[in-house]
Amino acid sequence: MSRVIHKFTTRVPTWRPHITPIDFDKATPAQQEALKETPSNTKISDYVLVLAHDPEPLRIRTSLFNGIMYDKGGLSREERELGAVAASVVNRCIYCAAVHAQRYNNLTRDERVMQEIFFNGEKADIDARQRAILKFGMRLSECPPKVTDDDIASLREVGLDDQEILDLTLSTTLFGWANRLMHTLGEPVSGA
Amino acid sequence: MSHVLETAAGVPSSGPLAEALTMRGKLMELTQASYEAALLPSDAGNLPANLRAALACRMARICQQSGLTQHYADLLAGYGDDADPYQLALPGEMPPADEQRLVAMVDYVDLVTERPRDASEATISSLRTVGIDEADIVRLAGLVAFVNYQLRVAAVLSVMGKSQ
């Protein structure tokens, strides 16, 4: 029996949809087109099959998501993951937080940072640059978003340039987008 | 190139921020394409473009993003005088109770904009109960999620742009 998970974890849960995923074999041409953008080597997830109810945005979204998280230059991969986690913590998207905390851990080989964040949130005992990124990401994820000259200055003080601030903004806000889909159209459960 | 987001945020045409955006030019193109898919879709389902513009304007006001509030107010005005009969572009305004579907949609917009952490299975059930089909639920969720992304990017760009 599966149960809904409400606490942050780095163990990636199963995502149980509240909306019926589309039947791949009955997909319309527009849906097939949108699903072509997803990796062909893995089974198409229920999440993507739920989003395929509205294929037009899905087709664009996959490239945008991959570009924001993986395109070369600018902010490091792990700091983009930190932005994603900051948003997911504010929005309490347990699933997104787990996936991106795990990616952060795999990139850095350091599990302590995510443990601190999951346990202490904005007060996490992490280094100054990580803390500035986390705080910026969390404030930006509030409603209304909090971003002032001082917030930008706090990133510059720990060495972020314009490119890195833009990249952090994109990875953080992208998860404001993803969280609002993941956390409303379904829920994380333990077991299968 | 005239992208809604950068225009509304008043991004300067030169300087380090402009250069950073050029480096992410492909991503800003895809952001513009996502805007068009969310606000001006070829298949709008039962969420017509005028309603989408009104809800986006409401979200922009909730997030206190003046540039995009103006953009969405102008977009809405372009659909004519009757485009938003219940003034849904203004936070706090609600449709009459007998407009059940619309009431449920506006409740969803407000909750998922302001407190997405509080969404649960009941949030989706309340849309389903009033007869909103699954494809329209996904359309509504996609609109709300995209606009919240766009509003936050604009918030940062407008602050950064002012100092350059």
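User: In chain B, what share of the contacts with a separation of 6 or more comes from residues 24 or more positions apart?

Analyst: Good place to start! This is a predicted model, where local features need pLDDT of at least 70, side-chain atom pairs count only at pLDDT 80 or more, and totals for chains, interfaces and linings use all residues. Residues are numbered from 1 along each chain as its sequence is written, with chains lettered from A and ligands numbered from 1 in the order in which they are written. Two residues are in contact if their C-beta atoms, placed from the backbone, lie within 7 Å, and for chain B the share asked for is 66%.

User: How many helices does chain B have?

Analyst: Helices (H or I, at least four residues) and strands (E, at least two) are DSSP runs, numbered from the N terminus. Chain B has zero strands, and its helices number eight.

User: Why does the radius of gyration of chain B agree with a compact globule?

Analyst: The radius of gyration is taken over C-alpha atoms, and the globule rule is 2.2 Å times the number of residues to the power 0.38. For 164 residues a compact globule would have a value near 15 Å, which agrees with chain B because its own value is 16 Å.

User: Which helix of chain B gives the most to the side that touches chain A?

Analyst: Let's build up to it: 49 residues of chain B are in contact with 44 residues of chain A. Helices 2, 3, 6, 7 and 8 of chain B each supply at least two residues of that side. With 19 residues, the one that gives the most is helix 8.

User: What percentage of the residues of chain A count as buried?

Analyst: A residue is buried if 20 or more other C-beta atoms lie within 10 Å of its own, exposed if 12 or fewer, and partly exposed in between, with C-beta atoms placed from the backbone. Of the 192 residues of chain A, the buried ones make up 47%.
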